Amino acid sequence: MNRMWRLFRIIVLRDLLLAFRRRTEILMSLFFFVIVVSLFPLGIGVEQQILFHIAPGVVWVAALLSSMLVLERLFAADYADGTLEQMLLTSQPLSIVVMAKVCAHWLLTGLPLVLISPLVALQYRLGEGQVLPMMWSLLLGTPALSMIGAIGAALTLGLRGGGVLLSLLILPLYIPVLVYGAGAIAAAATNAPQQAYYMLLGALTVLSMALGPWATSAALKFSLE
Amino acid sequence: MGINWFRYASPASFYPLAGKTIPWFVASAVLLAIGGLYWGFFETPNVLSDQKQYYRIIFVHVPAAWMSMWLYVVMAGWSLVGLVFNTRLSFMVAAATAPTGAIFTFLALWTGAFWGKTSWGTWWDWDPRMTSELILLFLYIGYMALQSAIDDVRRADRASAVLAMVGLFTIPLIYYSVNCPDPNQCASLHQRSSMKSIESNILWAMLTMTLAFWLYSFAVILKRVRNIILEREKYTEWVNELPEIRSQQVRS
């Protein structure tokens, strides 16, 4: 148990360190999120009523896309320099490695979105009552995005045109998260109870965390054979 | 004396078996489809007014939707068998099932759109069951895309098997998508229908069509498996000694 935890911690810290050495990559997905969210009012018009209605969906679609933007590189760098093969040789279960990498991915792409989402609430002139639900739904839902995405990243590892294929495989699987995540924010707008949405988002995250590492490590083994 | 379950897991023994059974599946599928459609279109009692005869598309729509879900389960099932027992043929069957499943999913969506246009005046509505069926179509497409994107057959089989099993969550989603807790929140075009409340003639015509579609699936999937076998095993001796391959080699 202790060893598993140590391996987990080492890989998370290593991935974070690597990311901080190349900060643009983290900032890129964050600014992608901000830019995509800002494009919608420019294209649709700035009427407050419209913005109010589209905000939940826009925030979540932008979150899906920006989370997917860096997914391709989740395993690619380690695959290219052979580190991934070394990781496969570890005596600990491969799921731990996968969990650690997903955790690092979430810390670098999911958590910043949660923290920056109040800015979006200002842009879309949402009420104060919707800011916290937006942050909660992103906090509960984005880990599932990272985990489901990891399965796709492992399946398409090292393929030509992997990025487009990855989005084709992963976006349909993201739909439940999108529906309940946006649902929670929309429910908050009318002061409807949001508890059910949070519970469903939490359930999706827990379910993906339970089954995702297994599927991802199986996919990694098949990709590296 | 035990049964040798793995006898037909070898492509060399499965290939002739599939060839022998395909004509039977084709013939029974055609007969059942003719019978089911005739029964459904002309012999079921008129329970609805004359303007509502468009409902008869149900004899294609519902069986196609059932088959689209069932074939996904079949595909994921063979993928699991392939991963567990490491049998090449299981992956071939899974790969051969995907296009037929995708066609049935598309057929269900398309006939549903016609039905929706005539009865509710809209081609598409974001009803939960339609949406989840659309997700199923995307999953079939993703499966086929992944299969064809990987050149190495072994990796392609395994990777798409994992994907098929991950996507299995949509099947209960589609099945339960009519149980809407609050009709004001998710207005559903698909009402909850229990088997008992359907008029028995309509139900039996529908079940006949389902069986016809099922036998059709058997026929085309077996045909496709035979083609995949020929393609993947073309360097083996037994394939080159097949009479149909020999006659082609002589001609060319």
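Modeller: A residue is buried if 20 or more other C-beta atoms lie within 10 Å of its own. The model here is predicted.

Biologist: How many of the 20 residues of H1(A) are buried?

Modeller: Helix H1 of chain A covers residues 2-21. From first C-alpha to last, H1(A) reaches 28 Å, close to the 28 Å expected at 1.5 Å a residue. H1(A) lies largely in the open, because its number of buried residues is 2.

Biologist: At what angle do helix H2 and helix H3 of chain A pack?

Modeller: Two packed helices are described by an angle and a distance between their axes. H2(A) spans residues 23-44 and H3(A) spans residues 48-69. Their axes lie 9 Å apart, and the angle is about 150°.

Biologist: What is the handedness of the crossing of H2(A) and H3(A)?

Modeller: H2(A) brings residues including A:Phe32, A:Phe33 and A:Phe40 to the contact. H3(A) brings A:Ile54, A:Val58 and A:Leu69, among others. The crossing of H2(A) past H3(A) is right-handed.

Biologist: How many residues of the contact of H2(A) with H3(A) are nonpolar?

Modeller: A:Ser29 of H2(A) and A:Ser66 of H3(A) are among the residues in the contact. The contact has 2 polar residues and no charged ones, and its nonpolar residues number 16.

Biologist: What percentage of contacts in chain B, between residues at least 6 apart in sequence, join residues at least 24 apart?

Modeller: Chain B has 9 helices and 0 strands. Of its 252 residues, 34% are buried. For the contacts asked about, the share is 77%.

Biologist: Which helix gives the most to the side of chain B that touches chain A?

Modeller: Chain B puts 15 residues into the contact, and chain A puts in 15. Helix H4 (128-149) and helix H5 (153-166) of chain B each supply at least two residues of chain B's side. The residues of that side divide into 11 nonpolar, 2 polar and 2 charged. With 7 residues, the helix that gives the most is H4(B).

Note on methods
Residues numbered from 1 in each chain as written. Chains lettered and ligands numbered in written order. Predicted model: local features only at pLDDT ≥ 70, side-chain atom pairs only at ≥ 80, totals over all residues. Contact = placed C-beta atoms within 7 Å. Helix = DSSP H or I, 4+ residues; strand = E, 2+ residues; numbered from the N terminus. Nonpolar A, V, L, I, M, F, W, Y, C, P; charged D, E, K, R; others polar. Axes fitted to C-alpha atoms, helices over the stretch in contact; angles between N-to-C directions. Left-handed = near helix turned anticlockwise from the far one by under 90°. Buried ≥ 20, exposed ≤ 12 C-beta atoms within 10 Å, placed from the backbone. Expected span 1.5 Å × (residues − 1).
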